[in-house]
Amino acid sequence: MTEPPISRGFRSRKPQTEQRDRVPPGQYLTTDFPVLSAGPTPSISVDNWSFALQLGGSLLAKWNWTEFQALPQTDLKTDIHCVTKWSKLDTQWRGVSFDTLLEAAGLSEAPTEYTMLHCDGGYTTNVPVADLKDGMGMVATQYDGLPLAPSHGGPARMLVPHLYFWKSAKWVRRLRFIEKDEAGFWESLGYHIYGDPWREQRYTGD
Ligand SMILES: Nc1nc2c(c(=O)[nH]1)N[C@H]1C(S)=C(S)[C@@H](COP(=O)(O)O)O[C@H]1N2
Ligand SMILES: [Mo]
């Protein structure tokens, strides 16, 4: 026997509404994980991988892969939103939070209010410290319980999920503290300097 439609509709309505509320304006939901890169996927061995914090041009701290893996790890389940209009819910990540990196570097607070992220291959993107601290940003090394695939930024990528996904720099190698906000790669090509998906800040002037 089929159930009365009213009961079936009633039961499915709540989760659907909840999902819809999590999709920013102009975005659609996807269950795949599209790959979007401005250049080729670099092949990076963890044996010569390192991650550095810099203040301008000077080194504050640096970890090799083994040291990085020994830092306290954070699990994060979150939604992600690409400016090409796909959003993906409940993605599962593991890595080292920005807060943990600061602490491990012996810093009680960030030395400036802005950062530039630098990647293998030359990609850059700017993110304010306020959008990294208090658990908002991390360097992720695992996706869905597995080492991050090279195409998705492996061995390590930035994850700043509340901003458009171009801010989540793949193959990230350096976080450089800067005094004033500066445009990174896409930002200098017309993408919004901040990139809040809930305010549809896709392009300069949005
Ligand atoms: N180094 C690097 N990071 C990058 C990019 C890139 O081209 N190079 N593309 C950005 C863009 S535009 C998006 S939408 C996401 C895509 O991540 P994905 O390929 O894992 O979906 O990575 C971001 N990080
Ligand atoms: Mo993107």
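These are my notebook entries on a predicted model of a protein chain with a ligand.

**Entry 1: confidence**
The mean pLDDT of the chain comes to 94, and 93% of the residues reach 70 or more. Confidence is lowest in helix H1, residues 5–21, with a mean of 66. Strand E7, residues 124–128, is at the other end with 99, the highest in the chain.

**Entry 2: around ligand 1**
Next I turned to the ligand.

**Entry 3: polar contacts of the ligand**
I went through some of the contacts made by oxygen atoms of ligand 1. For proline 34, a backbone N or O atom lies 2.6 Å from a ligand oxygen. Alanine 38 also uses its backbone, with a polar atom 2.6 Å from an oxygen of ligand 1. With lysine 170 the side chain does the work: one of its polar atoms sits 2.6 Å from a ligand oxygen. I also checked how covered the ligand is. Taken alone, ligand 1 exposes 530 Å², and the protein buries 97% of that.

Last, I looked along the loops. Where is the cis peptide bond? I found it joining glycine 154 and proline 155, with omega about 10°. Proline 155 belongs to the loop between strand E9 (146–147) and strand E10 (157–159). I also noted aspartate 134, a residue other than glycine with a positive phi, near 55°. Aspartate 134 lies in the loop that runs between E7 and strand E8 (138–143). As noted above, E7 is the strand with the highest confidence.

Methods: Residues are numbered from 1 along each chain as its sequence is written. Chains are lettered from A and ligands numbered from 1 in the order in which they are written. This is a predicted model: local features need pLDDT of at least 70, side-chain atom pairs count only at pLDDT 80 or more; totals for chains, interfaces and linings use all residues. Side-chain values use heavy atoms; hydrogens and water are left out. A polar contact is a pair of N or O atoms within 3.5 Å; within protein, one must be able to donate a hydrogen and the other to accept it, and residues adjacent in sequence count only if both atoms are side-chain atoms. Accessible areas come from the Shrake-Rupley method with a 1.4 Å probe; for residues, only the protein chains shown count as cover. pLDDT is the predictor's confidence in each residue, from 0 to 100. Helices (H or I, at least four residues) and strands (E, at least two) are DSSP runs, numbered from the N terminus.
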